[in-house]
Amino acid sequence: MTTPRLQLAHVTKRFASLVANDDVALTVEPGEIHAVLGENGAGKSTLMKVIYGALRPDAGEVYWNGTRVEVRSPHEARTLGIAMVFQHFSLFETLTVAENVWLGLSRQVSLQTVREGIEAKARDYGLTLEPERPVHTLSVGERQRVEIVRALLTDPQLLILDEPTSVLTPQAVEKLFATLRQLAKTGCSILYISHKLDEILALCQRCTVLRAGKVVGTCHPKEETTASLSRLMIGAEPPRLQHRERRPGEQVLQVVDLSLPKIDRFGVALENVALEVHQGEIVGIAGVSGNGQQELLAALSGEDPRCREEAVLLFGRSVGRLDAARRRQLGLHFVPEERLGRGAVPGLSLAQNLLLTRTEALRALGWIDRSALRRQAEAIIGRFTVKATGAGAPAKSLSGGNLQKYIVGREIDAVPKVLILAQPTWGVDVGAAAQIRGELLALRDAGCAVLMVSEELDELFEVTDRLYVMAKGRLSPSVATAAASVELIGEWMSGLWPKSPEIPLLEKTGATP
Amino acid sequence: MIRLEARPSPSRLAGILSPVIALVITVGVAAVLFLVLGKDPMRGLSVFLVTPWNGVRALTELGLKATPLILCSLGLALCFRSNVWNIGAEGQFLIGGIFGGGLALLVTVHPVALDRWGFFPLLVLAGALGGALWAAVVALLRDRFNANEILVSLMMVYVADLLLSWLVFGPWRDPKGFNFPQTMSFAAATGVPRLVPGMRLNLGFPLALLVAVATWLFLFRTYRGMQLQVGGPAPRAARYAGFSSRAALWISLLVSGGLAGIAGALEVAGPMGQLTPYVSNGYGFTAIIVAFVGRLHPLGCVLSSVLLAMFVIGGELAQSRIGLPAALTGVFQGVLLFSLLACDTFIQFRLRWRARA
């Protein structure tokens with residue numbers, strides 16, 4: 001039997017009262033693609049940070065190629081041969097690909113060597129990458145490739161990838177998987193962190209499942225099903241959604257020929273976007289992030305009131321220049337993508353954060369009825385099972401997923417007439433995600449018009465009635481979800497949709513060159 | 001090499017104690033300074049820290065000096081919490097003084113049937129109007145032309161100062177004043193009602209305390225107060241909620257200008273009784289330190305106003321009793337602010353020594 005590439009035994013990491021990793025064991029063989037599966041908050045990220053030297057464990061041993069090691073810093077991890085690609089890229093937008101890679105390497109190497117190295121690695125693994133392109137011109141998928149090539153240039157023996165597909169089109173995911181399989185063949189081990197079950201089934205040879213910081217099982221994904229994996233992960237199967245026949249009513253939200261110049265150098269300009277949402281339907285917008293979704297949503301919510309008055313119609317009324325509060329008074333509620341700093345004020349309590357969008361607890365002269373506010377917050381915390389110390393807990397003390405539950409809950413609880421959501425279940429655990437989707441369907445059945453932007457195609461196919469696709473600041477025509485396929489939407493995500501003659505069909509786009 | 005590293009969870013207790021630690025450091029520095037200047041440090045410290053509290057007269061004087069500081073610092077705390085960097089309370093104070101003094105002068109020349117209690121509300125109103133007008137210039141320039149309010153509000157201090165000089169050297173000069181740059185003494189009916197017989201402490205002090213309570217209620221119990229405070233720490237959340245940044249700009253500047261103006265009017269009609277070119281004593285600038293030492297909290301502002309008033313009085317006493325330079329007050333105020341900022345830095349960050357970057 002070969003020596004394992006990496007072996008963890010009894011690794012424990014505590015944060016104050018919370019045990020993030022509890023007696024964790026993990027073995028990764030050479031050349032193995034090993035999945036670490038778990039809900040948000042299960043301790044996956046903490047464990048990876050321990051391996052990568054960004055965190056020191058409180059107890060336990062780490063063996064590297066059979067030798068006990070103590071990884072004290074990411075620098076030491078890289079020296080050992082451990083590389084990591086983070087979910088959030090650390091690239092300088094104004095520098096070129098080669099310069100970005102060069103910055104992360106030791107200083108003895110010349111830029112020319114780096115350039116050649118990038119080209120060689122890109123050729124070996126079939127990654128298209130031009131070393132001289134400035135990073136701000138790259139799509140998100142290409143940026144991820146920069147990170148991967150940067151990791152590969154250190155010739156790692158173990159590559160850690162943290163939720164790498166959340167930013168990719170289905171086609172780009174396939175390309176990434178091909179690269180990873182090829183890499184594994186050369187003997188490099190891969191630790192693949194994800195909560196997407198189908199990806200793990202498709203890619204990984206073994207899978208370690210974490211729940212609440214503990215290892216609840218190690219399995220061979222080939223012998224499992226999504227249902228059995230999700231049982232392992234959350235201890236129960238998520239409830240199936242009751243998807244009833246939709247009965248769309250009147251059109252309530254309409255976007256007419258909306259064009260907006262980019263707000264800064266790295267923004268996306270919107271071009272001739274047209275969109276409509278009716279009462280009693282859920283409309284989805286698919287697309288790789290960074291293709292104008294943020295800009296469109298800001299124009300719809302009122303945070304960006306630059307557009308023409310009559311470009312956005314709410315109940316037939318031109319609202320293009322109204323601010324967010326005025327549109328909310330008309331019944332339009334919005335859940336933004338960023339929770340801290342936009343959806344919630346970090347330093348304010350959960351109760352006070354209600355006041356951003358809710359005014360029920362206000363009395364004459366703007367007096368805040370604090371007990372009413374607290375009761376309101378507690379009701380939302382209870383209904384959406386938000387894990388918090390109470391209504392007085394500051395927003396920043398919550399985990400991302402819990403804060404998301406609270407913010408989504410705050411807007412759903414307002415019984416809006418129109419609800420717009422960006423990534424409604426992003427970072428939320430499987431059980432809560434199912435609950436949020438269920439609440440959205442209930443809202444729809446009650447006559448609310450729902451518009452959601454999501455990167456998760458599964459989610460869009462599960463809850464929406466109609467789909468649009470966004471690419472390069474343009475919006476596709478809509479297609480009934482029942483008539484759409486993942487392949488079709490994936491193709492449209494590259495900007496190739498029919499019936500829009502101004503788009504050349506063979507245009508090379510950033511997302512899938 | 002020294003590096004600052006963010007602490008994962010800054011201590012809340014340390015945040016509250018930080019002004020106290022800063023005060024202890026300042027007292028330490030003061031003791032050393034007295035030694036270097038060849039004075040007995042115990043005597044020096046007692047002049048600064050004990051004498052201002054000693055006896056009814058001393059206490060009333062402390063309240064009198066604290067009044068303008070409380071009023072100015074409350075307005076500044078509101079501004080700073082709204083992310084509006086008004087550092088021109090001094091100018092707003094002076095204009096409030098000119099408006100209040102002008103009204104008092106008018107009543108002195110054309111007597112009306114009003115006693116002190118009847119004149120007081122008019123005086124407060126005049127001061128508030130003057131200060132708010134001066135601050136409105138800053139708000140307007142920021143709102144219309146996106147002019148930097150820090151620079152504009154500071155520059156307006158010098159304009160206000162020169163305007164005051166022009167008035168007392170020119171049109172408002174007392175014709176029987178032997179050419180001194182000052183107005184005639186105001187009529188007795190324009191004085192601020194006093195609280196303790198024989199002492200200068202006046203109705204301004206309870207008014208300032210009342211304003212502190214009102215500010216506290218406004219900031220922490222009303223929707224508008226909450227809206228103002230979102231724009232600073234979370235501008236995108238403010239836009240998401242639809243809270244107007246223009247409203248925050250105007251409200252905070254008008255209120256803080258008005259409060260500084262009231263302080264100016266009370267100072268002129270109260271202890272001074274006439275207008276001179278030297279109305280202020282630097283209250284508007286000292287109030288910036290007061291606001292930060294008071295953690296931008298109304299109660300904190302009241303406490304730190306008393307503290308800084310103590311330094312002001314202590315400085316005057318040190319000059320007359322042990323022959324120390326008057327500039328010492330400014331030195332101590334500066335040391336206090338620096339110590340506070342240093343304490344706050346170490347609460348948020350910790351020092352790391354490293355061999356190499």
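Predicted model: local features only at pLDDT ≥ 70, side-chain atom pairs only at ≥ 80, totals over all residues.
| Property | Chain A | Chain B |
|---|---|---|
| Helices and strands | 16 helices, 21 strands | 13 helices, two strands |
| C-alpha span along principal axes | about 70 × 55 × 45 Å | about 75 × 60 × 35 Å |
| Buried residues | 49% of 513 residues | 47% of 357 residues |
| Contacts (at least 6 apart) joining residues at least 24 apart | 68% | 79% |

What radius of gyration does chain A have, and what would a compact globule of 513 residues have? Chain A has 24 Å, and the globule would be near 24 Å, so the two agree. The check works for chain B as well: 357 residues in a compact globule would give a value near 21 Å, and chain B has 22 Å, which agrees.

## Chain A: domains

Chain A is split into domain 1 (6–234), domain 2 (240–331 + 416–513) and domain 3 (340–414). Note that domain 2 of chain A is written as two segments, 240–331 and 416–513. The C-alpha centres of domain 2 and domain 3 of chain A are separated by 26 Å.

Where they meet, twelve residues of domain 2 of chain A are in contact with ten residues of domain 3 of chain A. Which element gives the most to the domain 2 side of that contact in chain A? That would be helix α14 (residues 430–445) of chain A, with four residues. Sorted by class, the domain 2 side has eight nonpolar residues, one polar and three charged.

## Chain A: a sheet, a helix and a loop residue

Four strands of chain A make an open sheet in the order β12-β11-β14-β15, with antiparallel pairing. The edges are β12 (270–278) and β15 (317–318) of chain A; each has a single partner strand, so one side of each is left without a neighbour in the sheet. Further in, strand β11 (residues 251–260) of chain A is joined by three bridges to strand β14 (residues 312–314) of chain A, and the two run antiparallel. If you want one pair to click on, A:V255 has A:V312 in β14(A) as its bridge partner.

Now for helix α5 (residues 140–152) of chain A. Is α5(A) mostly covered or mostly open? Mostly covered: 13 of its 13 residues are buried. Its length works out too, because 13 residues at 1.5 Å a residue should span 18 Å, and the end C-alpha atoms of α5(A) are 18 Å apart.

A:L365 deserves a look if you like backbone torsions. Its phi is near 65°, a positive value in a residue other than glycine. A:L365 sits in the loop between α11 (350–353) and α12 (370–383) of chain A. Around A:L365 there are 8 C-beta neighbours inside 10 Å; exposed means 12 or fewer, so A:L365 counts as exposed.

## Chain B: strands and a loop residue

The two strands of chain B pair up with each other: five bridges join β1(B) to strand β2 (residues 349–353) of chain B, and the strands run antiparallel. Within that pairing, B:E5 has B:R350 of β2(B) as its bridge partner. How many of the five residues of strand β1 (residues 2–6) of chain B are buried? The number is zero, so β1(B) lies largely in the open.

Chain B has a positive-phi residue of its own to check. For B:N179, phi is near 65°, and this residue is other than glycine. B:N179 lies in the loop between α6 (149–169) and α7 (204–221) of chain B. B:N179 has 9 C-beta neighbours inside 10 Å, which means it counts as exposed.

## Where the chains touch

The contact between the chains takes 23 residues from chain A and 14 residues from chain B. On the chain A side, the largest share comes from helix α10 (residues 324–329) of chain A, which supplies four residues. By class, the chain A side that touches chain B has eleven nonpolar, seven polar and five charged residues.

Definitions and conventions: Residues numbered from 1 in each chain as written. Chains lettered and ligands numbered in written order. Rg over C-alpha atoms; globule rule 2.2 N^0.38 Å. Buried ≥ 20, exposed ≤ 12 C-beta atoms within 10 Å, placed from the backbone. Contact = placed C-beta atoms within 7 Å. Pairing = 2+ DSSP bridges. Domains from an automatic or database assignment. Nonpolar A, V, L, I, M, F, W, Y, C, P; charged D, E, K, R; others polar. Expected span 1.5 Å × (residues − 1).
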